[in-house]
Amino acid sequence: MSGYSDAGASYDKRALKAFIARSLSAIEDIDYNNFTLRQRARMLYMASPIAAAAINTNRTKIVGKGLRLKCNIDYETLGISPEAAKKWCRRTEAAFRFWCEDRRNCDALGINNFFELQSLACKSWLMSGDVFVLLKREKATPLNPYTLRLHLVEADRVCTPATADGGLWNVTEGEYKGHKVHDGVEVDDNGKAVAYHVCNIYPGQMSAKTENWVRIKAVGEKTGLPNILHIMDAERPDQYRGVSYLASVIEMILQLRRYVESELLAALVQTYLTAWIKAAGDTSEMPIIGDQDEEDEEERYDKDPQMAPGNVIHLKPGEDVIFGNPNIPTAGFETFSKTIIKQIGAGLEIPYDVLVKEFNSSYSASKGALEEAWEAVKMRRAWFVSDFCQPIYEVWLSEAVALGKINAPGFFDDPLIRAAWCGSRWDGPAQTHLDPLKEAKANAILVQNGWKTNEQTTREYYGENWEENMQQLEQENGLKNAVCPPVTNMDFSDEEEDEDAKND
């Protein structure tokens, strides 16, 4: 007995004897179970407030009203001046806004604009584990010279064709012309994803259509541009499909939902005044009313006794009224529910305060919860930008340059030059502020010491553009060079410090 054999890997210790764990490949552990996980995660989103809050909170913080393009080209590599780079960026941003703000310009279905597609893609990614974007082409029009259109495809429709092995809808493994197909993702001999198989209908859809799969190559052979985008968060090597954000807490959310429903029903029953009429006569008769043989007896007693103000109920001889006394809901309901929600939030990287939108703790505790949640949001936003926003922008920019709408010398000649022209960042919702005055003073300290710039602070904390703000101030104040006045009083007063210590 040495090392882990006498610890977590022991089969002799009483606590671990019954702990038989078995893990297979990512394909067997994930792909074989993904269909069930998706259905359960969606059902919980529709039926459990906690599940809906977890997904919607992430969607709101990651995307919000939409991630906005801010060109950030490498003008030194391109050999142009900073002034020329700013002018190019402003023109490109304006052209991209023209395309993405009109749903008819960017959505293949004509329903959502680019920012709304971001929200839909983010929510579908979290709920289903992954989502796909088909990059389609439509004929240009006088009002829209760009042919690029986006078509979001839900995770269920990307699946292994039933014809791949003669199976049914629930197959995950198959082959296509010698290539392995893992739950709709076709890979070559090296394991690289080369194509995706998209079905025209959903699994089990009640439709007269016959299922038909279309093979979409991951990348165009001539252009090298993507034909389809796959947004997912991989948790294991050799993983080709994503897992629902709620997967690890599905059981706990379901049990919490059942517990809340039972307590709600108990509380609802308690509001009713329930009564039974107890008869001391022949029990073979129907309760409450009974069958009456004589007409006068039938008229004498009420056929349907009901409680009402000022109502008089005639009872038969020997009958009595007994009132129900249902048990009250569990006294520790709130404490128990909060404990379960905290565990759910820990598994989802959302502190309890943020998940339920309840900031009743001290300023320091609430601020700490927001900071922890924000770290997870920044991580997922970076993933979403890398998988969704940036690839779409690069495909759009390639078309704009090819059409002559954007001038970018060397764009198609040198991959390094192309990467320099495609440089960008995506600004989104800023972090929630609990005390704007304190945070503004802290930001002033960061800027004055050179730890952050005005532009960086304005973008991260307020979701705005510092340069545009300065230009607007110049117009409003008539200043030639608008500057941000320094903050001279950055120390907290004794009263503020005492109040914080008291709250903490």
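Predicted model: local features only at pLDDT ≥ 70, side-chain atom pairs only at ≥ 80, totals over all residues.
1. As general background for a student, nonpolar side chains in soluble globular proteins tend to be buried together.

2. If its neighbours within four places in sequence are left aside, Trp99 is in contact with Asn105, Cys106, Phe114, Asn144, Tyr146, Leu148, Leu150, Ile392 and Trp396. Trp99 also belongs to a cluster linked by ring pairs, whose members are Phe96, Phe98, Trp99, Phe114, Phe115, Trp125, Tyr146, Phe384, Phe388, Tyr393, Trp396 and Trp426.

3. The count of aromatic pairs comes to 20. In one of them, Tyr259 and Phe333 have ring centres 5.4 Å apart and planes at 35 degrees, and the pair is therefore tilted. This pair links distant parts of the chain, with Tyr259 in helix H7 and Phe333 in helix H9 (residues 333-348), 74 residues apart. Tyr259 has a relative accessible area of 18% and is therefore buried, whereas Phe333, at 28% relative accessibility, counts as partly exposed.

4. Another pair is formed by Phe411 and Phe412, whose ring centres are 5.0 Å apart and whose planes stand at 75 degrees, so the pair is edge-to-face. The accessibility of each residue should be read separately here: Phe411 is buried, with a relative accessible area of 2%, while Phe412 is exposed, with a relative accessible area of 52%.

5. Helix H1 (residues 26-47) and helix H6 (residues 114-128) have axes that come within 8 Å and cross at roughly 120 degrees, and the two helices are therefore oblique to each other. On the H1 side the contact is made by Arg38, Ala41, Arg42 and Tyr45, and on the H6 side by Lys123, Met127 and Ser128. Sorted by class, the residues of this contact are three nonpolar, one polar and three charged.

6. Helix H6 also holds Ser119, which is buried, with a relative accessible area of 16%. Once its neighbours within four places in sequence are left aside, Ser119 is in contact with Arg59 and Val63.

7. Most residues other than glycine have a negative phi. Phi of Asp183, however, is near 50 degrees, a positive value in a residue that is not glycine, and Asp238 likewise has a positive phi, of about 60 degrees. Asp183 lies in the loop between strand S5 (179-182) and strand S6 (185-187), and Asp238 is found in the loop between strand S9 (228-232) and helix H7 (250-270). Is each of these residues buried or exposed? Asp183 has a relative accessible area of 5%, so this residue is buried, whereas Asp238, at 60% relative accessibility, counts as exposed.

Note on methods: Residues numbered from 1 in each chain as written. Heavy atoms only, no water. Axes fitted to C-alpha atoms, helices over the stretch in contact; angles between N-to-C directions. Helix = DSSP H or I, 4+ residues; strand = E, 2+ residues; numbered from the N terminus. Parallel < 35°, antiparallel > 145°, perpendicular 65-115°, else oblique. Contact = heavy atoms within 4.5 Å. Nonpolar A, V, L, I, M, F, W, Y, C, P; charged D, E, K, R; others polar. Buried < 20%, exposed > 50% of the residue type's maximum accessible area, 1.4 Å probe, protein only. Phe/Tyr/Trp six-rings, centres within 6.5 Å; stacked < 30°, edge-to-face > 60°.
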